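Welcome! Please have a look at the model below, and then let us walk through it together.

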Amino acid sequence: MDNLYDENKNEEITEELVENETPTEEMFDEEGSFFGGGDNTYVKKADKYEDVRSSAFTMLIVGMLGIIFVILALTKVINIPFSESTAWLFYSIMSIVFISFAVAGFFSLRKANKLKAEAEIENKVIDEIEKWAKDNISQSVVDSGLDLNESVEILYFSRAEKIKNTLMHQFEDADEGLIELLTESIYTKIYEDDEAFDEEYEYEEETTDSSEE
């Protein structure tokens, strides 16, 4: 991670981007995702950690409650009207099931703790990438060299691809899936958030002019 960020590349980023192919409308998927998405969508380790931790606690709770239930039933605290042969089979199966839940929950909790440490590292990388993008990537930088008269879909893809290439060039050790995920959020901040701000600003100006009249 120490070599993740190279300050000497800052001035070279926009000049050395390599466009592998000219985007076409077919390359732009139906859902409007930059890079296909679907089953290949990158999931941040922080989200994985939350999912695994939630599953671990669920399995542990179910397993422990089940084991307590079996113990209470065996000690006749809870009376279940089974014959001896049926009760033996029932308690055996239930014991195996609930113990399996508890063991699986324990190992999932260990996995969650490992993911938590990885998520903390990844979050630092994400913060670094987003900070760098905020300082170095703007509309003028992204639109430089692009044909702004292209269709909305192709222009959308071209801008996203350029942002991705810029980040991949600057952060060579970062996971490509993470870069693609951040590309979408960075694109939104650069274009869609700015458009919303411009519309709000124009509305405020019109309201001010009307009140003055």
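Let us begin with a pair of helices: the axes of H1 and H2 come within 7 Å of each other and cross at roughly 155°. Here an axis is a line fitted to C-alpha atoms, for helices over the stretch in contact, and angles run from 0 to 180 degrees between N-to-C directions. H1 and H2 are therefore roughly antiparallel to each other; angles under 35 degrees count as roughly parallel, over 145 as roughly antiparallel, 65 to 115 as roughly perpendicular and the rest as oblique. Their crossing is left-handed, a word used if the near helix is turned anticlockwise from the far one by less than a right angle, with right-handed used if clockwise. The residues of the contact of H1 with H2 divide into 27 nonpolar, six polar and seven charged. Contact means heavy atoms within 4.5 Å. As for the classes, Ala, Val, Leu, Ile, Met, Phe, Trp, Tyr, Cys and Pro count as nonpolar, Asp, Glu, Lys and Arg as charged, and the others, Gly among them, as polar.

A word on what you are looking at: this is a predicted model, in which local features need pLDDT of at least 70 and side-chain atom pairs count only at pLDDT 80 or more, while totals for chains, interfaces and linings use all residues. Residues are numbered from 1 along each chain as its sequence is written, and side-chain values use heavy atoms, with hydrogens and water left out.

The chain holds five helices and zero strands, where helices (H or I, at least four residues) and strands (E, at least two) are DSSP runs numbered from the N terminus. Of its 213 residues, 31% count as buried, meaning under 20% relative accessible area, with exposed over 50% and partly exposed in between (1.4 Å probe, protein chains only). Among contacts between residues at least 6 apart in sequence, 79% join residues at least 24 apart.

Now back to H1. Tyr49, Val52, Ala56, Gly63, Gly66, Val70 and Ala73 of this helix are buried, and H2 is included in what covers the buried residues of H1. After H1 comes lysine 76, whose phi is positive, near 65°.

Which residues does glycine 63 touch, not counting residues up to four places away in sequence? They are Phe98, Phe101 and Ala102. Glycine 63 is in helix H1, and its C-alpha atom is separated by 4.4 Å from that of alanine 102, 39 residues apart along the chain. Serine 108, in helix H2, is in contact with Val52, Ala56 and Met59, leaving aside its neighbours within four places in sequence.

| Residue | Relative accessible area |
|---|---|
| Glycine 63 | 0% |
| Serine 108 | 16% |

H2 also meets H4: they pack at an angle of about 120°, with their axes 11 Å apart. H2 and H4 are therefore oblique to each other, and their crossing is right-handed. Ile129, Trp132 and Ala133 of H2 make this contact with Thr166, Leu167 and Gln170 of H4.

Finally, 16 of the 19 residues of H4 are buried, so H4 is largely enclosed by the rest of the structure.
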